[in-house]
Amino acid sequence: MKIVVDGFGGDNAPVAVLAGCAQAAAEYHVPIAVTGDEEKLRKAAAENGIDISALELVHADDVIDVEDDPTEITKSKANSSMAVAFKLVAEGKADVFVSGGSTAAIVVGASLIVRRIKGVKRAALAPIIPTANGCY
């Protein structure tokens with residue numbers, strides 16, 4: 001199983017994303033690819049002492065922001081870190097997609113780039129919410 005992570009999705013990206021991916025790769029020994037501007041990813045890792053040697057970096061020129069129209073993931077933001085990650089899943093080069101970015105863009109990308117499973121009419125969200133007493 002290969003996981004692809006949107007390197008510029010969510011708060012404190014890309015540093016928090018890289019740190020989490022590096023920790024997961026070391027702990028679970030699973031292949032992880034991180035999408036985003038490769039130069040910025042490497043710089044953030046170096047400046048923060050994050051060992052990314054176990055991660056595959058996949059270059060993407062752009063980022064889709066929360067303020068962007070989510071349908072732009074298939075248009076002007078087609079080379080964003082999120083869109084590139086979705087394309088890897090759609091092409092069978094990754095099995096799992098993770099992002100802390102725009103929920104609307106995730107739904108649009110999952111529906112239009114990866115596509116829905118036959119018979120599934122709409123996307124569903126299944127968030128894991130950590131709490132002091134475990135996850136819900």
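Q: Which residues have the most contacts inside the largest nonpolar core?
A: In this predicted model, the largest nonpolar core has 19 residues, and those with the most contacts inside it are Val4, Ile73, Met82, Phe86 and Phe97.

Q: Which elements give two or more residues to this core?
A: Those elements are H3 and H4. H3 gives the most, with seven residues.

Q: What does Ile73 touch, not counting residues up to four places away in sequence?
A: Ile73 touches Ile64, Ala78, Ser80, Met82, Ala83, Phe86, Ala105, Val108, Gly109 and Ile113.

Q: What does the second, separate core include?
A: That core has 18 residues, among them Ile32, Ala45, Ile50 and Leu55.

Q: Turning to H4, which of its residues are buried?
A: Ala105, Ile106, Val108, Gly109, Ser111 and Ile113 are the buried residues of H4.

Q: And what do they pack against?
A: They pack against helix H3 (81-90) and strand S4 (96-98).

Q: How many residues does H4 have, and what span is expected?
A: H4 covers residues 103-114, which is 12 residues. From first C-alpha to last, H4 reaches 15 Å, close to the 16 Å expected.

Q: What follows H4?
A: Arg115 does, and its phi is positive, near 85°.

Q: Where does Ser102 lie?
A: Ser102 is in the loop between S4 and H4.

Q: Is Ser102 buried or exposed?
A: Ser102 counts as buried because its relative accessibility is 7%, and the cut-off for buried is under 20%.

Q: Which residues is Ser102 in contact with, leaving aside neighbours within four places in sequence?
A: Ser102 is in contact with Asp65, Val66 and Met82.

Technical notes:
Residues numbered from 1 in each chain as written. Predicted model: local features only at pLDDT ≥ 70, side-chain atom pairs only at ≥ 80, totals over all residues. Heavy atoms only, no water. Helix = DSSP H or I, 4+ residues; strand = E, 2+ residues; numbered from the N terminus. Expected span 1.5 Å × (residues − 1). Buried < 20%, exposed > 50% of the residue type's maximum accessible area, 1.4 Å probe, protein only. Contact = heavy atoms within 4.5 Å. Core = buried A, V, L, I, M, F, W, Y, C linked by side-chain atoms within 4.5 Å.
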